[in-house]
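Look at the sequence and the structure first, then read on.

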Amino acid sequence: MSDSAELKIDGKTYNLPIIEGTENEKAFDIGGLRGETGVITIDPGYKNTGSTKSAITFLDGEKGILRYRGYSIEELAEKSSFLEVAYLLIYGELPTKEEFTQFEYDVRYHTLVHEDIKKILEGFPSNAHPMGVLSSLVTSLTAFYPESLDPNRSSEAVNLSIIRILAKMPTFAAWAYKNEIGHPVNYPDNNLDYCSNFLKMMFALPAAGYEIDPVVSGALDKLLILHADHEQNCSTSTVRIVGSSQASLYASLSAGINALWGPLHGGANSAVINMLENIRKDGGDTRKWMDKAKDKNDPFRLMGFGHRVYKNFDPRARIIKKAADDVLEKLGINDPVLDIAKGLEHVALNDDYFVERKLYPNVDFYSGIIYRALGIPVDMFTVMFALGRLPGWIAQWKEMRGNNEPIGRPRQVYVGENLRPYVDLNKR
Ligand code: SDX
């Protein structure tokens, strides 16, 4: 391919330089387009538009490939741990034994949150959605750590802000859940690993304590790895654009949490389980619901299916589907909803509408079945997604800050009224 693309406008030819990434992805650079031609591009949803050059995550939607910093998601899910993957995403390399020991110590050391956070938490009614609580508590860190407001502070200060949020997010997530069910919160136990500590904060009861099941903590660790980053998705792009105004890390992360909340994005995992439950209650007729998903006059969509990038199987869905079978078998759980999910998948993968549109199960299709088996309530599923995606958001924010990228400010094509004179109220 040549190193530039030709663009002809009104008989004049412009050359747009073509850049090529390390995996042979190509883009033509329109950085000077408006200045040279007076014309801009338009691409609602940015389906064809790259926002940055990134070295963090590589996706190949056609081949179903996902890699973090060059390591395959299959290998990381099998051999690594969530905290090690967090280190890899944020700092770019797998840690040495010494580096990981220090990192794990630092994270454990910062799990406790200021006691006044409980006053904020107690201000929420018990029906508050945990995603709203989570984004509020993350923003509240700007008050408890005002030095975090300046993203231009020393790398040590920025790194301390990163460690603090990595450490405190599980505490916030568990406390949001306890607030919702009206139970007293549990304080972090720094003798436990990341996932075990989270599970104990979630489920320990004053009278009964909580026994860590390695099957449960291991399954959770794998799920968090699978959610850790996914290049320029909606919530990550939100984190980057908010951070590009030099708003703080915590303000940027809180914005990302709110973007993830939507049912077309991270909220899909809750929507999948609600959908499967509705199908089960309706008698389990998967063909009927498939027809609804295909009917343009019916707003129903098959949640957990389709993806902006993957036009093949989402590699994470393959891993989660196998993990769901393993976890349910080890825990001795027979979940009829899993059978319905598999039935839907089979029908969809053989249906022209879905095949033509290359709609496959995505990361959210099976994850809710595991969360449910682990005892996590449905409206906490997207909080779990946020817990997993946190290191990715941090890594992407850090990369954007490190690249000294300009503030994000897209252009538009105006289609409103032309100039018209003001008319006094009594003459309208
Ligand atoms: C995540 O971007 C990421 O990387 C996200 C994520 C991450 O890790 O950050 O992977 C996490 O958000 C996964 C996606 C979770 N969302 C869902 O499962 C919700 C259901 N899926 C969709 O709404 C949809 O597939 C999207 C939002 C995921 C993608 O939408 P696109 O790329 O904008 O595609 P589209 O809406 O233009 O759909 C193309 C066609 C349309 O039909 P036609 O107009 O061509 O006739 O496919 C149809 C759509 O109607 N379609 C579906 C469908 N998804 C797309 N039809 C029925 N059911 C669906 N689920």
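In this predicted model, helix 3 (residues 82-91) packs against helix 18 at an angle of about 15 degrees, and their axes are 8 Å apart. Angles under 35 degrees count as roughly parallel, and helix 3 and helix 18 are therefore roughly parallel to each other. The crossing in which helix 3 passes helix 18 is right-handed. On the side of helix 3, the contact involves Phe 82, Ala 86, Leu 89, Ile 90 and Tyr 91. On the side of helix 18, these residues meet Leu 387, Gly 388, Pro 391, Gly 392, Ile 394, Ala 395 and Lys 398. Sorted by class, the contact of helix 3 with helix 18 has 9 nonpolar, 2 polar and 1 charged residues.

Two packed helices are described by the angle between their axes and by the distance between the axes.

| Helix pair | Angle | Axis distance |
|---|---|---|
| Helix 3 and helix 18 | about 15 degrees | 8 Å |
| Helix 8 and helix 9 | about 110 degrees | 9 Å |
| Helix 9 and helix 17 | about 155 degrees | 10 Å |

Next come the two pairs that involve helix 9.

Helix 8 (residues 194-203) and helix 9 (residues 214-226) pack at about 110 degrees. That angle makes helix 8 roughly perpendicular to helix 9, and the crossing of the two is right-handed. Helix 8 contributes Cys 195, Ser 196, Phe 198 and Leu 199 to the contact, while helix 9 contributes Val 216, Ser 217, Leu 220, Asp 221 and Leu 224. The residues of this contact of helix 8 with helix 9 divide into 6 nonpolar, 2 polar and 1 charged.

Helix 9 also packs with helix 17, at an angle of about 155 degrees. Angles over 145 degrees count as roughly antiparallel, so helix 9 is roughly antiparallel to helix 17. Helix 9 passes helix 17 in a left-handed crossing. Here Ala 219, Leu 220 and Leu 223 of helix 9 meet Ser 367, Ile 370 and Tyr 371 of helix 17. The contact of helix 9 with helix 17 has 5 nonpolar residues, 1 polar residue and no charged ones. Leu 220 is listed in the contact with helix 8 and in the contact with helix 17.

Leaving out residues up to four places away in sequence, Ser 367 touches Leu 223, His 227, Asn 269 and Ile 320. One of these, Asn 269, is a buried residue of helix 12.

Helix 12 (residues 268-281) has 14 residues, which at 1.5 Å a residue should span 20 Å. Helix 12 is mostly covered, with 10 of its 14 residues buried. The buried residues are Ala 268, Asn 269, Ser 270, Ala 271, Val 272, Ile 273, Met 275, Leu 276, Glu 277 and Ile 279. What do the buried residues of helix 12 pack against? They pack against helix 13 (286-294), helix 15 (336-349), helix 17 (363-373) and helix 18 (381-402). After helix 12 comes Gly 283, with a positive phi near 110 degrees.

Positive phi values are the next topic. Most residues other than glycine have a negative phi. Asp 10 is not a glycine, yet has a positive phi of about 50 degrees. Asp 10 is placed in the loop between strand 1 (4-9) and strand 2, and counts as exposed at 80% relative accessibility. Gln 246 also has a positive phi, near 70 degrees, in a residue other than glycine. The loop between helix 10 (234-243) and helix 11 (249-260) holds Gln 246, which counts as partly exposed at 40% relative accessibility.

With a relative accessible area of 34%, Glu 23 is partly exposed. Glu 23 touches Phe 58 and Arg 67, not counting residues up to four places away in sequence. From Glu 23 to Leu 59 there are 36 residues in sequence and 9.7 Å in space, C-alpha to C-alpha.

Technical notes:
Residues numbered from 1 in each chain as written. Predicted model: local features only at pLDDT ≥ 70, side-chain atom pairs only at ≥ 80, totals over all residues. Heavy atoms only, no water. Helix = DSSP H or I, 4+ residues; strand = E, 2+ residues; numbered from the N terminus. Expected span 1.5 Å × (residues − 1). Buried < 20%, exposed > 50% of the residue type's maximum accessible area, 1.4 Å probe, protein only. Contact = heavy atoms within 4.5 Å. Axes fitted to C-alpha atoms, helices over the stretch in contact; angles between N-to-C directions. Parallel < 35°, antiparallel > 145°, perpendicular 65-115°, else oblique. Left-handed = near helix turned anticlockwise from the far one by under 90°. Nonpolar A, V, L, I, M, F, W, Y, C, P; charged D, E, K, R; others polar.
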